[in-house]
Amino acid sequence: MNTIGVIFDLDGVIVDTAKYHFLAWKNLANNLGFEFTEAHNELLKGVSRVRSLEILLDIGKTTISDTKRQEILIKKNEDYLKFISKMGPEEILPGAEKLLDTLDQLGIKYVLGSASKNAPYILKKVNLFHRFQGIVDGNSVSKAKPDPEVFLIGAKKLNLKPESCIVFEDAIAGVEAANKAKMTSIGIGDKATLSEADYNFNDLTEIPENFFEKFLLKKTI
């Protein structure tokens, strides 16, 4: 068994489905009679679907019944699924497959830790499902990020202690969750936004060739 493992968030790290979430939430907001912008969409990154709806309703200063909330959540997901049903391997973000190849060569296991309940479906659409040691998604957890539950379950799937895990995240809530879990956090995206991460890169193409060797060395000393 290796001494370290990796946990990947999905949206914004392996694939970019944020654009599809945005379109689905925007449609919903339009139907409720208010505007939903790309800036607003940033507030929903790494957040559960239920919490995302709460934020959206706050933006629109709108109150609806619990029954209506459930109807809206179902409709939003149906719209989103229509978008992602057309996804293919060409939507894998730059550097992702090369990084997985590097981990395979080093014998480092990796799992997915995503808030998305559609994570397995998306991975299958882009032909990456079989590469992951395990999947922890929105169906597997009771607490959303920034709670560390998703990553702690991921560590168990890797048979590793949390401090031996490295997390790749593009959202503030995800970085916070990784830090709470005592894992090494790597922010993918804007450094100012993800300033709490242990390491920062604009995208996965910037990961140095020898990045993981130092972690392996550190764990064997």
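Helix α1 passes helix α3 in a right-handed crossing. A crossing is right-handed if the near helix is turned clockwise from the far one by less than a right angle, and left-handed if anticlockwise. The model is predicted: local features need pLDDT of at least 70, side-chain atom pairs count only at pLDDT 80 or more, and totals for chains, interfaces and linings use all residues. Residues are numbered from 1 along each chain as its sequence is written, and side-chain values use heavy atoms, with hydrogens and water left out. Helices (H or I, at least four residues) and strands (E, at least two) are DSSP runs, numbered from the N terminus.

The axes of α1 (residues 18–32) and α3 (residues 49–59) come within 11 Å and cross at roughly 40°. Axes are lines fitted to C-alpha atoms, for helices over the stretch in contact, and angles run from 0 to 180 degrees between N-to-C directions. The two helices are therefore oblique to each other. Angles under 35 degrees count as roughly parallel, over 145 as roughly antiparallel, 65 to 115 as roughly perpendicular and the rest as oblique. From α1, residues W25, L28, A29 and L32 meet R49, S52, L53, L56 and L57 of α3. Contact here means heavy atoms within 4.5 Å. By class, the α1–α3 contact has 7 nonpolar, 1 polar and 1 charged residues. Nonpolar covers Ala, Val, Leu, Ile, Met, Phe, Trp, Tyr, Cys and Pro; charged covers Asp, Glu, Lys and Arg; the others, Gly among them, are polar.

Helix α3 also packs against α4 (residues 66–84), with axes that come within 11 Å and cross at roughly 110°. That makes α3 roughly perpendicular to α4. R49, V50, L53, E54 and L57 of α3 make the contact with R69, I72, L73 and N77 of α4. This contact has 5 nonpolar, 1 polar and 3 charged residues.

The largest nonpolar core holds 38 residues. Such a core is a set of buried Ala, Val, Leu, Ile, Met, Phe, Trp, Tyr and Cys residues joined through side-chain atoms within 4.5 Å. Buried means under 20% relative accessible area, exposed over 50%, and partly exposed in between (1.4 Å probe, protein chains only). V6, F8, I14, F132, F168 and F212 touch the most other members. Helix α5 (residues 96–106) gives the largest share, 4 residues. Neighbours within four places in sequence aside, F168 is in contact with V6, I7, F8, D9, V13, L99, I186, I188, L204, I207 and F212. A second, separate core has 15 residues, including F22, L44, L57 and I72.

In α8 (172–180), the buried residues are A173, G174, V175, A177 and A178. Their cover includes α7, β4 (165–169) and β5. The phi of K182 is positive, about 65°, although K182 is not a glycine. K182 is exposed, with a relative accessible area of 63%.

N127 is partly exposed, with a relative accessible area of 48%. A cis peptide bond joins K145 and P146, with omega about 20°. Most residues other than glycine have a negative phi, and most peptide bonds are trans.
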